[in-house]
Amino acid sequence: MIEVKNLTKYYGDHLAVDNISFTVEDGEILGFLGPNGAGKSTTMNMLTGYISSSSGQALINGVDILEDPIKAKASIGYLPELPPLYQNMTVMGYLNFVYDLKKCKLPRKSHLKEICNLCKITDVSHRIIRHLSKGYRQRVGMAQALVGNPPILILDEPTVGLDPKQIIEIRNLVKKLGKRHTLILSSHILSEIQAVCDRVIIINKGKMAANDTLENLTKSISSINRMIVRLDGKREEVLTAIRRIPGVTSVRADMERENGIYDYEIVMEQDADIRIMLNEMCHEHGWSIYKMASDEMTLEDIFMRITMGEGMPDEAASKKKPVIRLVTPEEQRAQAEAQAEAEAAAGESEEKSDEGGNE
Amino acid sequence: MGAIFRREMGAFFTSPVAYVYLTVYYVFAGVCFYLFTLSYGIADMSSFFSMLFWANFLLIPVLTMRSFSEEKMQKTDQGLLTAPVSLGGIVLGKYFAALMMYTIGVAIIFVYALILSFFGTVAWGIVAANFIALLLLGAAFIAVGVFISSLTESQFIAYIISLLLLLVMCVMQELAGLIEGASVPELFQPVVNLLATGMNAISFYNKFYDFTCGLFDLSSVLFYVSTAAVFNFLTVRVLETRRWR
């Protein structure tokens, strides 16, 4: 179990991690999501005792990482962003070194063999690390973290720089490991987190922006009801007509796809189904539907909105609600300021755009 | 500590460092042995030993320059610092590995003494005392080198700075002589004298010279050992403060 209480890190004057608190229960897979430079690695480095926090506390199975580092570190396997591999050693030589370094008590040969099989590095185990490809190095890094079978695994962007096939392999490995270990996984790739994690923490600019289970996230995502319709007909007329349909909260014209044919993004009330009415409307006006698709909000949308909120104000306004739901009351306080800003930005944009906001 | 020591030893021999170091050391020792002992046709090795003193400031940085710099550069220190080992264990593991390499180099003097023993009587006591003196000297210098290496990411800078620092430490007694000989106003004379005495007191060469003559002084031993201890301690502190930045 990992408990993080008000963890803060300053690099000189630069605030890298701002007052982060969370807990990871035994056997849980926690996803750490954020853009590059958000403070993911810094947080992980603090959890593993590589750097110390400016204030706050990190407890690993109840042991403070700064008070009893050796005991705390013994229960963590860490794969840093850049695997700490000695280029001149063979894979097996390196793993043996790590085995000694961690003062591992398990039977050496069978344990290392098991790890090699798990990470699929058995056939390169006698090669020099310098000569290995990036994918293999990443897997050796993973193997290194697994030596000693630590109850907690912390993996910092384990799939970065790998090709799609390797990403899938590592992802499967992580899934497998999640069954036996408490796991924290960081990534800036959303599908990865979505694929393996029970719970997600979104971190942006050093602050925690969301902390919820995937289930709850998906719930709040699906409560937003959006669809994309491609229609011909005059843009202004179509917009007015759609807005008249009951259940529609807002509509916005997107790009012109073909000559005189636009995509319209419609946000509806929950449980509203306007497809039949849309068809009737088109029939009345003599328009044709070229495409109709429901547009579910994905984790990606939430992520984009949280991390670059000001960049896309219209969206921000329309998707404001679910995100507030993601954040628990305690975190909400911390986020109050950021939200106020976002709201201000959204308000401005509503005035500018002729379609206006919604909700 | 054991794991780090073994890895360091392995790293010395899987990289050119060990071979370059030992080759240069053996060549230097061989040339000195020929010039200062064999060519005179005497079995007295004391001038040979005092020459070996001067190899250290050039060669010890070769052994120590990579110890922490390389780890920092390659980010492998992250593996060490997040492993369940103490900082002291990490520092000492690296320190003793370098000291081991140094000892392998110094041990050549026994070979030379053995060669001499075929042609004359060798004072084995003096040879042993010199071996210990060289070890103690190395113990102190290596601690300095490892410390410098912990301060920088660049092996080259670590080498140059260690070399300069060790050189200053080696010529301390010469510097003291220069200061003493300098003409200064009457008023500053006591200060200058005090400075010169102090510099002579921390001279590595003076203490080493006593050993080469066969004088075994416990205070000198203590001096070398405590220098080693102080610099190893400083290295631990450097690693520790780096985390707080």
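## A proline within a helix of chain B

Pro61(B) is part of helix 3 of chain B, which covers residues 46-64. The model described here is a predicted one. With a relative accessible area of 0%, Pro61(B) is buried. Apart from neighbours within four places in sequence, the residues in contact with Pro61(B) are Asn56(B), Tyr159(B), Ser162(B), Leu163(B) and Leu166(B).

Ser149(B) lies 88 residues from Pro61(B) along the chain, and the C-alpha atoms of these two residues are separated by 9.0 Å.

## The nonpolar cores

The largest nonpolar core has 156 residues. Those that touch the most other members are Phe22(A), Tyr94(A), Phe97(A), Ile184(A) and Phe48(B). Helix 8 of chain B, residues 124-151, gives the most to this core, contributing 15 residues.

The surroundings of Phe22(A) can be described in detail. Leaving aside neighbours within four places in sequence, Phe22(A) is in contact with Ile2(A), Glu3(A), Val4(A), Leu30(A), Phe32(A), Leu47(A), Ile184(A), Ile201(A), Met208(A) and Asn211(A).

## A four-stranded sheet in chain A

Chain A contains an open sheet of 4 strands in the order 12-13-11-14, with antiparallel pairing. Strand 12 (248-258) and strand 14 (289-294) of chain A are the edge strands, each pairing on one side only. From one strand to the next, the twist averages 20 degrees. Strands of a sheet pair through backbone hydrogen bonds, in either a parallel or an antiparallel manner. In chain A, strand 11 (residues 225-231) and strand 13 (residues 261-268) are joined in the antiparallel sense over 7 bridges. Ile228(A) stands opposite Glu265(A), a residue of strand 13 of chain A.

Two helices of chain A lie across strands of this chain. Helix 9 (residues 235-244) of chain A lies across strand 11, strand 12 and strand 13, and runs at about 155 degrees to strand 12 of chain A. Helix 10 (residues 275-285) of chain A lies across strand 11, strand 13 and strand 14, and runs at about 25 degrees to strand 11 of chain A.

## The interface between the chains

The size of an interface is often expressed as the accessible area lost when the parts come together. Chain A and chain B bury about 2,400 Å² between them, with 61% of this area on carbon and sulfur atoms. In chain A, the residues that lose the most area to chain B are Tyr50(A), Tyr86(A) and Leu101(A), which together account for 28% of what that side buries. In terms of contacts, 28 residues of chain A meet 23 residues of chain B.

Across this interface 1 salt bridge is found. Arg6(B) forms a salt bridge with Asp100(A), and their closest N and O atoms are 3.3 Å apart.

## Two lysines with positive phi

Most residues other than glycine have a negative phi. Lys120(A), although not a glycine, has a positive phi of about 55 degrees. Lys120(A) is found in the loop between helix 4 (108-119) and helix 5 (134-146) of chain A. Lys120(A) counts as exposed because its relative accessibility is 51%, and the cut-off for that class is over 50%.

In chain B, Lys75(B) also has a positive phi, of about 65 degrees, without being a glycine. The loop that holds Lys75(B) lies between helix 4 (69-74) and helix 5 (77-81) of chain B. At a relative accessibility of 38%, Lys75(B) counts as partly exposed.

Definitions and conventions
Residues numbered from 1 in each chain as written. Chains lettered and ligands numbered in written order. Predicted model: local features only at pLDDT ≥ 70, side-chain atom pairs only at ≥ 80, totals over all residues. Heavy atoms only, no water. Pairing = 2+ DSSP bridges. Axes fitted to C-alpha atoms, helices over the stretch in contact; angles between N-to-C directions. Contact = heavy atoms within 4.5 Å. Core = buried A, V, L, I, M, F, W, Y, C linked by side-chain atoms within 4.5 Å. Buried < 20%, exposed > 50% of the residue type's maximum accessible area, 1.4 Å probe, protein only. Buried area = accessible area lost by both parts, 1.4 Å probe. Salt bridge = Lys/Arg side-chain N within 4 Å of Asp/Glu carboxyl O.
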